[in-house]
Amino acid sequence: MKPKEDAFGQMIWAYYKGKDVFEVWERSDGYITVDPTKTYFSEHKDWALHQRKAMQFVKGRVLDVGCGAGRHSLHLQKNGLDVLGIDVSPLAIKVCRLRGLKKTRVMSIEEMNFKPSSFDSVIMMGNNFSLFGSFRKARRLLRKFRSITSEDALIIAETRDPYKTDNPSYLKYYEFNVKRGRMSGQLRGRIRFEGYISKWFDWLMVSKEEMVEILNGTGWKVKEFIESEDAQYTAIIEKCKRRGGE
Ligand SMILES: C[S@@+](CC[C@H](N)C(=O)[O-])C[C@H]1O[C@@H](n2cnc3c(N)ncnc32)[C@H](O)[C@@H]1O
(Lines give C-alpha, C1' and ligand atoms only; values in the text may rest on other atoms or scores of the structure.)
Protein backbone atom coordinates (compact mmCIF):
# COMPACT_ATOMS: atom_id res chain seq x y z
CA MET A 1 0.00 0.00 0.00
CA LYS A 2 1.32 3.44 -0.92
CA PRO A 3 1.47 5.85 2.08
CA LYS A 4 -1.11 8.21 0.49
CA GLU A 5 -3.57 5.28 0.24
CA ASP A 6 -3.45 4.51 3.97
CA ALA A 7 -6.46 6.69 4.78
CA PHE A 8 -7.66 4.24 7.46
CA GLY A 9 -4.21 4.22 9.11
CA GLN A 10 -3.97 8.03 9.03
CA MET A 11 -7.35 8.23 10.75
CA ILE A 12 -6.27 5.71 13.42
CA TRP A 13 -2.98 7.57 13.89
CA ALA A 14 -4.76 10.94 14.24
CA TYR A 15 -7.08 9.52 16.92
CA TYR A 16 -4.14 7.90 18.72
CA LYS A 17 -2.45 11.32 18.75
CA GLY A 18 -5.51 12.84 20.45
CA LYS A 19 -7.58 14.25 17.57
CA ASP A 20 -11.35 13.73 17.61
CA VAL A 21 -11.83 12.18 14.15
CA PHE A 22 -14.38 10.18 12.17
CA GLU A 23 -14.32 7.40 9.60
CA VAL A 24 -15.69 8.53 6.24
CA TRP A 25 -16.65 5.72 3.87
CA GLU A 26 -17.71 6.49 0.32
CA ARG A 27 -19.73 3.89 -1.57
CA SER A 28 -19.16 3.54 -5.33
CA ASP A 29 -22.39 5.45 -6.08
CA GLY A 30 -21.33 8.40 -3.93
CA TYR A 31 -23.32 7.53 -0.77
CA ILE A 32 -21.29 8.53 2.30
CA THR A 33 -21.33 7.19 5.87
CA VAL A 34 -19.54 8.76 8.85
CA ASP A 35 -18.73 6.78 12.01
CA PRO A 36 -16.75 7.64 15.14
CA THR A 37 -13.16 6.39 15.10
CA LYS A 38 -13.21 5.99 18.88
CA THR A 39 -15.01 2.61 18.42
CA TYR A 40 -11.72 1.15 17.18
CA PHE A 41 -10.14 2.02 20.55
CA SER A 42 -13.02 0.84 22.73
CA GLU A 43 -12.45 -1.44 25.72
CA HIS A 44 -13.92 -4.92 26.25
CA LYS A 45 -16.36 -3.57 28.87
CA ASP A 46 -17.87 -1.24 26.26
CA TRP A 47 -18.40 -3.87 23.55
CA ALA A 48 -21.85 -5.20 22.65
CA LEU A 49 -22.90 -8.43 24.33
CA HIS A 50 -22.62 -10.52 21.13
CA GLN A 51 -19.02 -9.33 20.75
CA ARG A 52 -18.09 -10.14 24.36
CA LYS A 53 -19.73 -13.57 24.10
CA ALA A 54 -17.76 -14.26 20.92
CA MET A 55 -14.47 -13.59 22.68
CA GLN A 56 -15.18 -16.49 25.06
CA PHE A 57 -14.69 -18.94 22.16
CA VAL A 58 -11.21 -17.71 21.27
CA LYS A 59 -8.47 -20.19 22.20
CA GLY A 60 -4.79 -20.99 21.72
CA ARG A 61 -2.74 -19.29 19.04
CA VAL A 62 -4.82 -16.48 17.56
CA LEU A 63 -4.70 -14.72 14.21
CA ASP A 64 -6.53 -11.36 14.25
CA VAL A 65 -7.24 -10.53 10.60
CA GLY A 66 -7.60 -6.80 9.94
CA CYS A 67 -6.74 -6.00 13.55
CA GLY A 68 -7.09 -2.20 13.18
CA ALA A 69 -5.86 -0.41 16.31
CA GLY A 70 -5.68 -3.80 18.05
CA ARG A 71 -8.59 -3.64 20.52
CA HIS A 72 -9.42 -7.37 20.28
CA SER A 73 -5.80 -8.53 20.06
CA LEU A 74 -4.82 -6.46 23.10
CA HIS A 75 -7.73 -7.81 25.12
CA LEU A 76 -6.84 -11.41 24.24
CA GLN A 77 -3.11 -10.84 24.83
CA LYS A 78 -3.94 -9.45 28.28
CA ASN A 79 -5.81 -12.69 28.97
CA GLY A 80 -2.72 -14.75 28.19
CA LEU A 81 -3.40 -15.78 24.60
CA ASP A 82 -0.71 -15.85 21.96
CA VAL A 83 -1.99 -13.32 19.41
CA LEU A 84 -0.72 -12.16 16.04
CA GLY A 85 -2.44 -9.09 14.59
CA ILE A 86 -2.22 -8.58 10.84
CA ASP A 87 -3.45 -5.58 8.90
CA VAL A 88 -2.91 -4.15 5.45
CA SER A 89 -2.47 -0.66 6.98
CA PRO A 90 1.13 0.08 8.07
CA LEU A 91 -0.01 2.95 10.31
CA ALA A 92 -2.67 0.86 12.05
CA ILE A 93 0.03 -1.74 12.79
CA LYS A 94 2.33 0.99 14.11
CA VAL A 95 -0.44 2.05 16.51
CA CYS A 96 -0.96 -1.58 17.61
CA ARG A 97 2.75 -1.84 18.46
CA LEU A 98 2.74 1.46 20.35
CA ARG A 99 -0.29 0.26 22.31
CA GLY A 100 1.61 -2.86 23.40
CA LEU A 101 0.67 -5.60 20.94
CA LYS A 102 3.68 -7.91 20.90
CA LYS A 103 3.14 -9.76 17.62
CA THR A 104 2.11 -7.81 14.52
CA ARG A 105 2.64 -7.97 10.77
CA VAL A 106 1.70 -5.66 7.92
CA MET A 107 -0.01 -8.24 5.74
CA SER A 108 -3.19 -8.41 3.68
CA ILE A 109 -5.71 -11.22 3.91
CA GLU A 110 -4.99 -11.96 0.25
CA GLU A 111 -1.28 -12.47 0.91
CA MET A 112 -1.35 -14.47 4.15
CA ASN A 113 1.72 -16.62 4.28
CA PHE A 114 1.88 -18.98 7.26
CA LYS A 115 2.98 -22.54 7.90
CA PRO A 116 0.32 -25.27 8.13
CA SER A 117 -1.45 -25.48 11.48
CA SER A 118 -0.10 -22.15 12.78
CA PHE A 119 -3.31 -20.99 14.54
CA ASP A 120 -6.12 -22.37 16.72
CA SER A 121 -8.43 -19.36 16.26
CA VAL A 122 -8.90 -16.78 13.55
CA ILE A 123 -10.82 -13.68 14.55
CA MET A 124 -12.50 -11.31 12.08
CA MET A 125 -14.16 -8.75 14.34
CA GLY A 126 -15.39 -5.25 13.55
CA ASN A 127 -17.52 -6.77 10.74
CA ASN A 128 -14.37 -8.23 9.20
CA PHE A 129 -16.10 -11.25 7.66
CA SER A 130 -16.71 -8.58 5.05
CA LEU A 131 -12.99 -8.57 4.18
CA PHE A 132 -13.75 -11.73 2.18
CA GLY A 133 -15.03 -9.30 -0.47
CA SER A 134 -16.99 -11.65 -2.73
CA PHE A 135 -18.48 -15.13 -2.81
CA ARG A 136 -15.60 -16.64 -4.77
CA LYS A 137 -12.84 -14.87 -2.90
CA ALA A 138 -14.40 -15.89 0.43
CA ARG A 139 -14.34 -19.55 -0.56
CA ARG A 140 -10.73 -19.35 -1.75
CA LEU A 141 -9.60 -17.65 1.47
CA LEU A 142 -11.58 -20.04 3.68
CA ARG A 143 -9.67 -22.93 2.11
CA LYS A 144 -6.46 -21.04 2.86
CA PHE A 145 -7.59 -20.59 6.49
CA ARG A 146 -8.15 -24.33 6.62
CA SER A 147 -4.55 -25.04 5.76
CA ILE A 148 -2.99 -22.59 8.23
CA THR A 149 -5.10 -23.67 11.23
CA SER A 150 -5.09 -26.67 13.57
CA GLU A 151 -7.60 -29.55 13.45
CA ASP A 152 -10.08 -28.08 15.97
CA ALA A 153 -9.67 -24.46 14.91
CA LEU A 154 -12.44 -21.87 15.01
CA ILE A 155 -13.08 -18.73 12.97
CA ILE A 156 -14.89 -16.09 14.99
CA ALA A 157 -16.31 -13.64 12.48
CA GLU A 158 -18.60 -10.66 12.66
CA THR A 159 -20.73 -9.12 9.92
CA ARG A 160 -24.06 -7.37 9.31
CA ASP A 161 -27.14 -8.83 7.69
CA PRO A 162 -27.55 -6.45 4.73
CA TYR A 163 -31.29 -7.14 4.43
CA LYS A 164 -32.05 -5.80 7.92
CA THR A 165 -32.44 -2.25 6.68
CA ASP A 166 -35.19 -0.03 5.36
CA ASN A 167 -32.74 2.51 3.95
CA PRO A 168 -33.91 2.91 0.31
CA SER A 169 -30.41 3.81 -0.86
CA TYR A 170 -29.06 0.45 0.37
CA LEU A 171 -32.01 -1.48 -1.05
CA LYS A 172 -31.44 0.18 -4.44
CA TYR A 173 -27.72 -0.65 -4.30
CA TYR A 174 -28.53 -4.32 -3.58
CA GLU A 175 -30.80 -4.44 -6.64
CA PHE A 176 -28.04 -2.90 -8.74
CA ASN A 177 -25.61 -5.55 -7.41
CA VAL A 178 -27.91 -8.45 -8.21
CA LYS A 179 -28.40 -7.11 -11.75
CA ARG A 180 -24.63 -7.15 -12.32
CA GLY A 181 -24.23 -10.64 -10.85
CA ARG A 182 -22.80 -9.71 -7.46
CA MET A 183 -24.08 -10.62 -4.01
CA SER A 184 -26.54 -7.99 -2.72
CA GLY A 185 -24.32 -6.99 0.21
CA GLN A 186 -21.11 -6.68 -1.80
CA LEU A 187 -20.42 -3.00 -1.30
CA ARG A 188 -17.66 -1.30 -3.24
CA GLY A 189 -16.28 1.63 -1.34
CA ARG A 190 -13.24 3.55 -0.19
CA ILE A 191 -12.10 5.37 2.93
CA ARG A 192 -11.31 9.07 2.95
CA PHE A 193 -9.40 10.94 5.63
CA GLU A 194 -8.28 14.52 5.11
CA GLY A 195 -6.16 14.38 1.91
CA TYR A 196 -5.84 10.60 1.97
CA ILE A 197 -8.00 8.25 -0.13
CA SER A 198 -7.81 4.44 -0.03
CA LYS A 199 -8.12 2.25 -3.09
CA TRP A 200 -11.61 0.98 -3.90
CA PHE A 201 -12.34 -2.30 -2.13
CA ASP A 202 -15.28 -4.73 -1.84
CA TRP A 203 -16.88 -5.17 1.58
CA LEU A 204 -19.15 -8.22 1.74
CA MET A 205 -22.08 -8.16 4.17
CA VAL A 206 -24.05 -11.42 4.30
CA SER A 207 -27.18 -12.85 5.88
CA LYS A 208 -26.84 -16.01 7.95
CA GLU A 209 -28.22 -18.10 5.07
CA GLU A 210 -25.68 -16.59 2.67
CA MET A 211 -22.86 -17.28 5.11
CA VAL A 212 -23.87 -20.95 5.31
CA GLU A 213 -23.88 -21.10 1.50
CA ILE A 214 -20.42 -19.54 1.28
CA LEU A 215 -18.99 -22.01 3.82
CA ASN A 216 -20.53 -25.06 2.19
CA GLY A 217 -17.78 -27.25 0.73
CA THR A 218 -14.86 -25.17 2.09
CA GLY A 219 -14.21 -27.41 5.09
CA TRP A 220 -15.87 -25.01 7.55
CA LYS A 221 -19.37 -24.91 9.04
CA VAL A 222 -21.30 -22.71 11.43
CA LYS A 223 -21.21 -23.97 15.02
CA GLU A 224 -23.47 -21.18 16.25
CA PHE A 225 -24.61 -17.66 15.55
CA ILE A 226 -24.55 -15.02 18.26
CA GLU A 227 -27.23 -12.44 17.54
CA SER A 228 -27.37 -8.79 18.51
CA GLU A 229 -30.30 -6.42 18.81
CA ASP A 230 -29.65 -5.06 15.33
CA ALA A 231 -28.31 -6.38 12.02
CA GLN A 232 -24.86 -7.22 13.36
CA TYR A 233 -24.05 -10.78 14.39
CA THR A 234 -21.08 -12.99 15.12
CA ALA A 235 -20.61 -16.47 13.71
CA ILE A 236 -18.61 -19.15 15.46
CA ILE A 237 -17.31 -21.25 12.58
CA GLU A 238 -15.73 -24.66 13.13
CA LYS A 239 -13.62 -26.93 10.99
CA CYS A 240 -15.36 -29.92 9.43
CA LYS A 241 -13.66 -33.19 10.20
CA ARG A 242 -13.27 -34.03 6.54
CA ARG A 243 -12.46 -31.47 3.87
CA GLY A 244 -15.47 -30.36 1.87
CA GLY A 245 -18.17 -30.96 4.49
CA GLU A 246 -19.44 -33.20 7.25
C1 LIG B 1 -13.63 -2.30 10.05
S2 LIG B 1 -11.94 -2.24 10.47
C3 LIG B 1 -11.92 -3.40 11.84
C4 LIG B 1 -10.69 -3.24 12.72
C5 LIG B 1 -10.65 -4.14 13.96
N6 LIG B 1 -10.85 -5.53 13.65
C7 LIG B 1 -11.66 -3.65 14.99
O8 LIG B 1 -12.74 -4.26 15.08
O9 LIG B 1 -11.38 -2.69 15.66
C10 LIG B 1 -11.23 -3.17 9.13
C11 LIG B 1 -9.73 -3.38 9.23
O12 LIG B 1 -9.32 -4.26 8.19
C13 LIG B 1 -8.14 -3.74 7.59
N14 LIG B 1 -8.10 -4.25 6.20
C15 LIG B 1 -8.77 -3.77 5.12
N16 LIG B 1 -8.50 -4.51 4.05
C17 LIG B 1 -7.67 -5.50 4.46
C18 LIG B 1 -7.04 -6.58 3.79
N19 LIG B 1 -7.24 -6.78 2.49
N20 LIG B 1 -6.23 -7.39 4.51
C21 LIG B 1 -6.02 -7.17 5.84
N22 LIG B 1 -6.59 -6.15 6.52
C23 LIG B 1 -7.40 -5.33 5.83
C24 LIG B 1 -8.27 -2.24 7.69
O25 LIG B 1 -7.01 -1.61 7.55
C26 LIG B 1 -8.90 -2.12 9.07
O27 LIG B 1 -7.93 -2.10 10.07
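Predicted model: local features only at pLDDT ≥ 70, side-chain atom pairs only at ≥ 80, totals over all residues.
How many nonpolar, polar and charged residues does the shell around the ligand have? The shell has 9 nonpolar, 7 polar and 3 charged residues.

In total, 19 residues surround the ligand, and the closest are Gly66, Arg71, Asp87, Ile109 and Glu110. Asp87 places a polar side-chain atom 2.6 Å from a ligand oxygen. For Glu110, a polar side-chain atom lies 3.1 Å from a nitrogen atom of the ligand. The backbone also takes part: a polar backbone atom of Gly68 is 3.4 Å from an oxygen atom of the ligand. Taken alone, the ligand exposes 590 Å², of which the protein buries 89%.

The largest nonpolar core has 31 residues, and within it Leu63 and Phe145 touch the most other members. Elements giving two or more residues to this core are the strands β3, β4, β6, β7 and β12, together with the helices α5 and α7. The largest share, 5 residues, comes from α5. Phe145, which falls within the range of α5 (135-148), touches Leu63, Val65, Met112 and Trp220, among others. A second, separate core of 18 residues includes Phe41, Val95, Ile191 and Phe193.

Finally, I draw your attention to Asn177, in helix α6 (residues 168-179). Is this residue buried or exposed? Asn177 is buried, because its relative accessible area is 0%, under the 20% cut-off. Leaving aside residues up to four places away in sequence, Asn177 touches Arg182, Met183, Ser184, Gly185 and Gln186.

Key. Residues numbered from 1 in each chain as written. Heavy atoms only, no water. Helix = DSSP H or I, 4+ residues; strand = E, 2+ residues; numbered from the N terminus. Buried < 20%, exposed > 50% of the residue type's maximum accessible area, 1.4 Å probe, protein only. Contact = heavy atoms within 4.5 Å. Core = buried A, V, L, I, M, F, W, Y, C linked by side-chain atoms within 4.5 Å. Near = heavy atom within 4 Å. Polar contact = N/O pair within 3.5 Å; in protein donor to acceptor, adjacent residues only side chain to side chain. Areas by Shrake-Rupley, 256 points an atom, 1.4 Å probe, with all protein chains shown as cover. Nonpolar A, V, L, I, M, F, W, Y, C, P; charged D, E, K, R; others polar.
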